[in-house]
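Please read this report with the sequence and the structure side by side.

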Amino acid sequence: MLKKALLTLIALVIAIGGGAASVWYALHVQKGAGAITIGAWTAFPDIGTPQADPYTNARVAREGVLALGRAEGLAFVAAHDSAGQPLLRECAYRIEGNLPVARFWTLYAADQSLDFIRTGKLRPAALQSYQVLRRPDNSVLVDASGSPAPGNWLITAGEGPMYFVLTFYDTPIASSTGLSGIQLPRIVRRGCNA
Amino acid sequence: MRKLLYAVLLGLVGAGIVHILVLMMVPELSERDAWSRLSMASDLYRMTPLEAESGGQPVVKSVDPLFLAAACRFDLNDGIVHVQAAGKVPFWSVSVYDRNGHNIYSFNDHSAASATLDTVVLTPAQMLEVRRQLPDDLDGSIFVETPIGEGIVVLRAFVPDESWRPAVSRFLEQSSCTLKEL
């Protein structure tokens, strides 16, 4: 009798514990179903639409996100540089390359919860396309670091993991067919403050 | 031993079922979704800024640091919702979300006549009603027809640099979200 109760208990613990833990795990990994990865950048074009998969739906509900609509824009997040190393706030990066067509775009450095980094200075940790300097071939070079850099400087601060969020507004790539064949800038680590 | 193996196997099958059930229940039961957070911050038909008021947690985690946003909850069972904003800003966009935070419809200033925001959210049945006799003040509005009850309208505006911030926040402050009964 006791053995039977014990076996039932084991089955129940595995079912409830395992089920809940696997959902928790699935909702906490950054990459989920429906992700589109281009180089170091990842986007979820379906997030917050009725077509989204159940995992994305659950994430939207848990985090209280109000995702950008198709006519608004599309956000890409980078957690790694182009060599595959995780991005760190104490390191300097160079973001370089061509960007897809959009009315304008913004780029900001974010912490783990994807809030932008508070630098404690007047300059926000964000850049936008109307203010950047371009090279003759229309490509852009941005230096992200804690110390001032010439050209386009994206200020960062602090220590720990960092994310870059690149959002294109009013862009044809937000439609589902627009994402094929686009190129996004590379992220190259320049050095770190030990 | 066989019995133990059987129990573990049964547990794993159960875990699969629990996984699916929990996943389906999260959107229904979440108290942290955008609607619930907004309802704690303000009433229906009130444009509420989504940014943190000096230091606190933002109401709904949106957005781009170079954007300001305001949201208003509505319930189409009460009547139609008229959202308006006047003024010139570099870029604004509007999204309509349903109760679960799904983006139903979005548009930006390029899709609006004369770049001022004037939109009406209503159900197809209300649209029939409105079409029969178009009220004068809805002449020229963008009609967003959607078969939902409760929902959220979010107005976002771009702040290219700090000098634009007062103008853009004024644009959001004087935006209105009004209930019109038919």
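## Strands of chain B

In this predicted model, B:Val83 faces B:Cys177, a residue of strand E9(B). The two strands concerned, E3 (residues 80-85) of chain B and E9(B), run antiparallel and are joined by five bridges.

Both strands belong to an open sheet of four strands in chain B, whose order is E7-E6-E3-E9 and whose pairing is mixed. Because strand E7 (142-145) and strand E9 (176-180) of chain B each have a single partner strand, they stand at the edges, and one side of each is left without a neighbour in the sheet. On average, and with direction ignored, neighbouring strands of this sheet are turned by 20 degrees against each other.

## Strands of chain A

In chain A, strand E4 (residues 91-97) pairs with strand E10 (residues 186-192) in the antiparallel sense, over six bridges, and within this pairing A:Glu96 stands opposite A:Arg186 of E10(A). E4(A) is also joined by five bridges to strand E7 (residues 140-145) of chain A, again running antiparallel, and here A:Ile95 stands opposite A:Val142 in E7(A).

## Where the chains meet

Contact between the chains involves 45 residues of chain B and 41 residues of chain A. On the chain B side, at least two residues each come from helix H1 (2-29), helix H2 (34-41), strand E4 (92-98), strand E5 (103-108) and strand E8 (150-158). H1(B) supplies the largest share, 16 residues, and the residues on this side of chain B divide into 22 nonpolar, 15 polar and eight charged.

For residues 6-26 of chain B, an unreviewed UniProt entry lists a "transmembrane region". In the model this stretch of chain B is 100% helix and 0% strand, with its end C-alpha atoms 30 Å apart.

## Nonpolar cores

The largest nonpolar core has 90 residues, and those with the most contacts inside it are B:Val153, B:Leu155 and B:Ala157. Strand E2 (residues 67-75) of chain B gives the largest share of this core, seven residues. When residues up to four places away in sequence are not counted, B:Leu155 touches B:Ala69, B:Ala70, B:Ala85, B:Trp92, B:Val94, B:Leu172 and B:Ser175.

How values were computed:
Residues numbered from 1 in each chain as written. Chains lettered and ligands numbered in written order. Predicted model: local features only at pLDDT ≥ 70, side-chain atom pairs only at ≥ 80, totals over all residues. UniProt positions renumbered as here; feature names shortened; annotations may be inferred. Pairing = 2+ DSSP bridges. Contact = placed C-beta atoms within 7 Å. Nonpolar A, V, L, I, M, F, W, Y, C, P; charged D, E, K, R; others polar. Core = buried A, V, L, I, M, F, W, Y, C linked by C-beta atoms within 7 Å. Buried ≥ 20, exposed ≤ 12 C-beta atoms within 10 Å, placed from the backbone. Axes fitted to C-alpha atoms, helices over the stretch in contact; angles between N-to-C directions.
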